[in-house]
Amino acid sequence: MRVLLVYPEYPETFWNLKHALRFLGKKAPYPPLGLLTVAAMLPAEWELRLVDMNVEPLRDEALAWAELLCISAMSVQSASVRAVIARANAAGVPILAGGPLFTTAPDDFPDVDYLVLNEAEVTLPRFLEELQHGRARHCYTDSAHADLAATPIPRWDLIRARNYGAMSIQLSRGCPFDCEFCNITSLYGRVPRLKDGARVTAELDALYRAGWRGPVFFVDDNFIGNKRRVKTQILPAITDWMTAHRRPFVFNSQVSLNLADDAELMALLTRAGFITVFIGIESPNDESLAECNKIPNANRDLITSVKTIQRAGLQVQAGFIVGFDSDPVSIFDRVAAFIQESGIATAMVGLLNAPRGTRLYQRLEAEGRLTGDMTGDNTDGSLNFTPAMNIDTLLQGYRRIIDSIYSPGNYYARVLTFLRDFHPTVPVVRVTPVTLLAGLRCAWILGLREQERREYWRLVFWSLTHAPRLLPLAIELAAYGFHFRKCFECHWAESGA
Ligand code: SF4
């Protein structure tokens with residue numbers, strides 16, 4: 001069987017980092033880990049090709065070659081998904097689809113031949129078995145959760161790693177919390193399931209053997225969902241592996257804010273090579289945090305928690321949401337002020353949306369407030385429900401936050417606030433010919449052509465005189481800021497705002 005694995009294109013989003021990756025000569029931030037893992041579950045005798053449409057176009061010749069097209073996507077990729085399905089249908093290539101988009105809305109895709117939903121470790125073997133006997137069904141679904149010990153190592157041979165800003169790897173699925181707007185627990189459950197230390201280092205070995213050096217993203221929704229095992233098994237194993245291999249990688253992941261309460265865990269993370277964590281802070285408003293059941297953020301001084309993590313040697317990136325029923329009209333100024341004071345450079349501020357499968361979706365449906373499906377990008381200025389606040393006030397306030405925090409003056413000031421307090425124990429950006437060239441491109445574009453010239457050179461000068469080893473990180477953050485500004489300019493232009 002000739003199988004074409006297709007990863008649909010992302011629109012311009014906060015996280016596709018398109019404008020920052022341009023400096024590095026990279027095409028996409030991460031490879032399609034789910035498809036590469038599914039590829040490793042397919043029969044060894046099948047012939048596989050992968051097209052990541054974020055890296056290269058899907059050509060008609062590839063469709064003509066394929067006997068089966070295998071597609072996986074998240075909701076933000078919907079537009080590209082529909083285009084791929086239409087082309088495969090027209091070319092007469094049967095489609096096998098899985099992943100979060102199809103699992104949460106299977107009825108939206110009548111033109112897909114085989115829907116293999118939920119966790120592929122559970123449903124894909126059944127499909128393969130029945131396909132072999134000529135009786136494959138249209139839909140395979142099972143809410144059982146997979147044992148991650150059975151998950152194969154991704155087929156890294158199917159991609160060109162140099163096209164990507166970082167590689168990705170997964171330790172666990174599931175999260176012990178249950179935030180009202182989040183679909184992670186409905187997809188993966190509340191009991192985190194982890195691979196063991198030997199298995200994680202085997203995956204690091206595979207990346208290392210594939211020639212990768214540099215950033216590796218643990219894609220877990222909450223890397224510290226099972227703190228005990230992470231502390232006693234996983235991080236010690238990663239630390240030993242990193243030491244034995246002369247520290248070829250730096251890691252980042254997503255965690256909950258209760259990380260700030262555990263000095264030992266923060267020390268273990270930095271020792272293992274973690275340099276950045278993304279945290280859902282959501283709101284500085286206590287009532288809004290209570291409304292969405294954000295347990296790890298309750299009853300704490302949020303700024304102090306962020307500073308504690310930064311001082312432990314971890315850059316904090318964070319997510320914020322406005323549009324909760326409990327948000328007062330002062331929320332916009334409070335969120336912008338919080339972000340500025342915290343020194344969180346990468347602050348993803350989005351509008352509340354209700355993904356399918358969440359408790360929020362059910363509540364809003366029961367209250368008759370749902371207006372449709374969310375786009376999958378909560379920073380594009382769209383909403384899929386009627387908010388409690390006047391909608392014009394909400395949209396104008398949202399735009400005011402973004403325009404404030406990503407103005408060059410405020411953004412660069414925030415980067416400086418962060419760098420002054422940041423004392424990592426390991427180099428956070430590897431200096432290589434690629435990053436040196438990226439630095440030259442940044443100097444040319446950000447330092448000479450763009451509106452932030454003055455702020456850019458002030459940051460470079462400060463880094464050289466106060467913290468030279470942080471200069472590569474300072475330049476990387478300047479490139480990120482450029483992307484965020486361009487990304488929102490694009491959103492405002494599209495929405496006509
Ligand atoms: S802590 Fe994060 S992953 Fe866990 S339920 Fe809340 S939003 Fe989802």
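This is a predicted model: local features need pLDDT of at least 70, side-chain atom pairs count only at pLDDT 80 or more; totals for chains, interfaces and linings use all residues.
Reader: OK, sheets. What's the strand order in the one with β1?
Author: That open sheet has six strands in the order β2-β1-β3-β4-β5-β6, with parallel pairing. Strands (E, at least two residues) and helices (H or I, at least four) are DSSP runs numbered from the N terminus, and two strands pair if DSSP finds at least two bridges between them.

Reader: Which strands are at the edges there?
Author: β2 (47-52) and β6 (139-140), each pairing on one side only. β2 is joined to β1 (residues 2-7) by six bridges, with V6 partnered by V51 in β2.

Reader: And how many bridges between β3 and β4?
Author: Four, in the parallel sense, with β3 covering residues 68-72. I71 has A97 in β4 as its bridge partner.

Reader: Which way do the β4 side chains point?
Author: I95 and A97 go one way and L96 and G98 the other, and all are buried; buried means under 20% relative accessible area, exposed over 50%, partly exposed in between (1.4 Å probe, protein chains only). In a regular strand the side chains alternate between the two faces of the sheet.

Reader: Which helices lie across that sheet's strands?
Author: Helix α4 (residues 78-91) lies across β1, β3 and β4, at about 170° to β3. Helix α6 (residues 120-132) lies across β4, β5 (114-116) and β6, at about 145° to β5. Those angles run from 0 to 180 degrees between N-to-C directions, using lines fitted to C-alpha atoms, for helices over the stretch in contact; contact means heavy atoms within 4.5 Å.

Reader: Switching to the sheet with β7. What's its order?
Author: β7-β10-β11-β12-β13-β14, six strands in an open, parallel sheet. β7 (167-169) and β14 (347-351) each have a single partner strand, so one side of each is left without a neighbour in the sheet. The twist averages 20° from one strand to the next.

Reader: Is β10 covered or open, and what does it pair with?
Author: Mostly covered, as four of its five residues are buried. β10 pairs with β7 over three bridges and with β11 over four. S168 stands opposite F217 in β10, and V216 has F251 in β11 as its partner.

Reader: What about F251 on the β12 side?
Author: F251 stands opposite F274 in β12. Five bridges join β11 (residues 249-255) to β12 (residues 274-282).

Reader: New topic: where's P176, and what does it touch?
Author: P176 is in the loop between β8 (172-173) and α7 (184-188). Leaving aside neighbours within four places in sequence, P176 contacts R190, P192, N222 and G225. P176 is partly exposed, at 25% relative accessible area.

Note on methods:
Residues are numbered from 1 along each chain as its sequence is written. Side-chain values use heavy atoms; hydrogens and water are left out.
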